[in-house]
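Me: I am new to this structure and would like to go through it in questions and answers. Please show it before we start.

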Amino acid sequence: MPSSAEVQLRTESVCNLMSQIVNTVGNEPSMGLYRIQEHCKKSSRDLVSSKLLIMRTDKRVQGAYYDSDYAIGAVSDLGTVRSQVAECQSNVEKALEYKRLLNARSAKK
């Protein structure tokens, strides 16, 4: 059986170890939260400026999307416009031919 001094030494060693563990466990959450709070304070300015940059970029992207969507609609409508332009061109040619005929008839009189 160990002597009383040896038991005393082991008991003190175990008590010190338990005290350190309890202190570490007790203090670690508050230290962790403190570090998180400090990190938030340091990075909040960068986060705000990044958020503003993202919001400005989002507005530009939405504008570009609207423009491209409008352009796609305009290009897809070109197929129907082509036939209408061809019809207008044929009507102008007919009108010019009628004008020539009228001018020729009026010149004969």
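Me: By about how many helical turns are glutamate 6 and arginine 10 separated in helix H1?
Reply: This is a predicted model, where local features need pLDDT of at least 70, side-chain atom pairs count only at pLDDT 80 or more, and totals for chains, interfaces and linings use all residues. Residues are numbered from 1 along each chain as its sequence is written, and side-chain values use heavy atoms, leaving out hydrogens and water. Because glutamate 6 and arginine 10 are four residues apart in helix H1, the separation is about one helical turn.

Me: How far apart are the closest N and O atoms of glutamate 6 and arginine 10?
Reply: A salt bridge requires a side-chain nitrogen of Lys or Arg within 4 Å of a carboxyl oxygen of Asp or Glu. Glutamate 6 and arginine 10 form one, with a closest N and O distance of 3.4 Å.

Me: Is arginine 100 buried or exposed?
Reply: Buried means under 20% relative accessible area, exposed over 50%, and partly exposed in between (1.4 Å probe, protein chains only). Glutamate 97 is partly exposed at 38%. Arginine 100 has 52% relative accessibility, so arginine 100 counts as exposed.

Me: What accessible area do Val75, Leu78, Val81 and Val85 have together?
Reply: Leucine 78 lies in helix H1, residues 4-108, and is partly exposed at 43% relative accessible area. Accessible areas come from the Shrake-Rupley method with a 1.4 Å probe, and for residues only the protein chains shown count as cover. Val75, Leu78, Val81 and Val85 form a nonpolar surface patch of about 330 Å².

Key:
Patch = residues over 30% accessible without salt bridge, like charges linked within 9 Å, V, L, I, M, F, W, Y side chains within 5 Å. Helix = DSSP H or I, 4+ residues; strand = E, 2+ residues; numbered from the N terminus.
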